[in-house]
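Biologist: I would like to know what lies behind the words used for this model. Please set each value against its definition.

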Amino acid sequence: MAFTSYMSAALEQARAAALRGEVPVGAVIVGPQGQIVAAAGNRTRELNDPTAHAEMLAIRAACDAVGSERLGGHALYVTLEPCAMCAGAIAAARIARLYYGASDPKSGGVAQGARVFSHPQCHHVPEVYDDIAGQEAQAMLTDFFAGKRKG
Ligand SMILES: [Zn+2]
């Protein structure tokens with residue numbers, strides 16, 4: 001099915017982020033015709049930028065590619081539940097559908113924590129689908145942090 005292959009592409013981005021020494025989170029944005037318009041992994045350390053989450057970088061790249069600040073009709077696939085900052089950006093970009101993998105009890109802002117899309121202030125609420133390849137995404141994060149502790 002299409003959504004699993006898009007999530008595979010996001011997992012590839014997460015894997016590449018881990019190899020760069022970044023927390024392994026990856027995201028892809030899929031256009032209305034089903035084409036991947038942007039793909040990114042976490043780069044907060046490389047860019048010295050706490051906002052350089054995979055979702056933020058993918059949204060910036062997709063907006064640039066589309067030539068618009070809005071991504072109506074687009075879908076975002078990300079390996080980890082977006083944080084409150086990214087959920088805010090997803091709403092601002094008018095992304096139509098959000099698919100995410102692992103849930104994030106520590107920093108997630110969709111199903112827990114700030115629950116950004118549940119706020120009356122949220123101007124746009126995407127359709128949300130969770131636990132897409134969630135175990136694989138979670139295993140990657142667990143391995144990454146286990147390796148960090150050993151190192
Ligand atoms: Zn984020």
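Biologist: Why is Glu55 called buried?

Modeller: A residue is buried if 20 or more other C-beta atoms lie within 10 Å of its own, exposed if 12 or fewer, and partly exposed in between, with C-beta atoms placed from the backbone. Glu55 has 28 C-beta neighbours inside 10 Å, so Glu55 counts as buried. Note that this is a predicted model: local features need pLDDT of at least 70, side-chain atom pairs count only at pLDDT 80 or more, and totals for chains, interfaces and linings use all residues. Residues are numbered from 1 along each chain as its sequence is written.

Biologist: Where is Glu55 placed, and what does the record say about Glu55?

Modeller: Glu55 is in helix H2, residues 54-66. Helices (H or I, at least four residues) and strands (E, at least two) are DSSP runs, numbered from the N terminus. The unreviewed UniProt entry has the annotation "active site" on Glu55. UniProt positions are given in the numbering used here, feature names are shortened, and annotations may be inferred rather than shown by experiment.

Biologist: Which residues does Glu55 touch?

Modeller: Two residues are in contact if their C-beta atoms, placed from the backbone, lie within 7 Å. Leaving out residues up to four places away in sequence, Glu55 touches Ala27, Leu76, Val78, Pro82, Cys86, Ala89 and Ile90.

Biologist: What makes H3 a helix with its buried residues on the same side?

Modeller: The buried residues of H3 include Cys86, Ala87, Ala89 and Ile90. They cover an arc of only 160 degrees around the axis, which puts them on the same side of H3. The arc is that of the directions from the helix axis to the C-beta atoms. Their cover includes H2, E3 and E4.

Biologist: How do you know that E1 is largely enclosed?

Modeller: Five of the five residues of E1 are buried, so E1 is largely enclosed by the rest of the structure. Gly26, Val28 and Val30 are on one side, and Ala27 and Ile29 are on the other.

Biologist: What makes E1 and E2 a pair?

Modeller: Two strands pair if DSSP finds at least two bridges between them. E1 and E2 have five bridges, in the antiparallel sense; Val30 has Ile36 of E2 as its bridge partner. The two strands form a hairpin with five residues between them, and Gly34 in the turn has a positive phi of about 90 degrees. E1 also pairs with E3 in the antiparallel sense, over four bridges, and Val28 stands opposite Tyr77 in E3.

Biologist: Which residues touch the most other members of the largest nonpolar core?

Modeller: A nonpolar core is a set of buried Ala, Val, Leu, Ile, Met, Phe, Trp, Tyr and Cys residues joined through C-beta atoms within 7 Å. The largest has 42 residues, of which Val28, Ala58, Leu76 and Tyr77 touch the most other members. Among the elements giving two or more residues to this core are helix H1 (2-19), H2 and helix H4 (134-150). The contacts of Ala58 include Val28, Ala38 and Leu76.

Biologist: Why is Asn48 called exposed, and why is Asp131 called partly exposed?

Modeller: Asn48 has 8 C-beta neighbours inside 10 Å, so Asn48 counts as exposed. Asp131 has 15 other C-beta atoms within 10 Å, so Asp131 is partly exposed. Asn48 lies in the loop between E2 and H2, and Asp131 in the loop between strand E5 (127-129) and H4.
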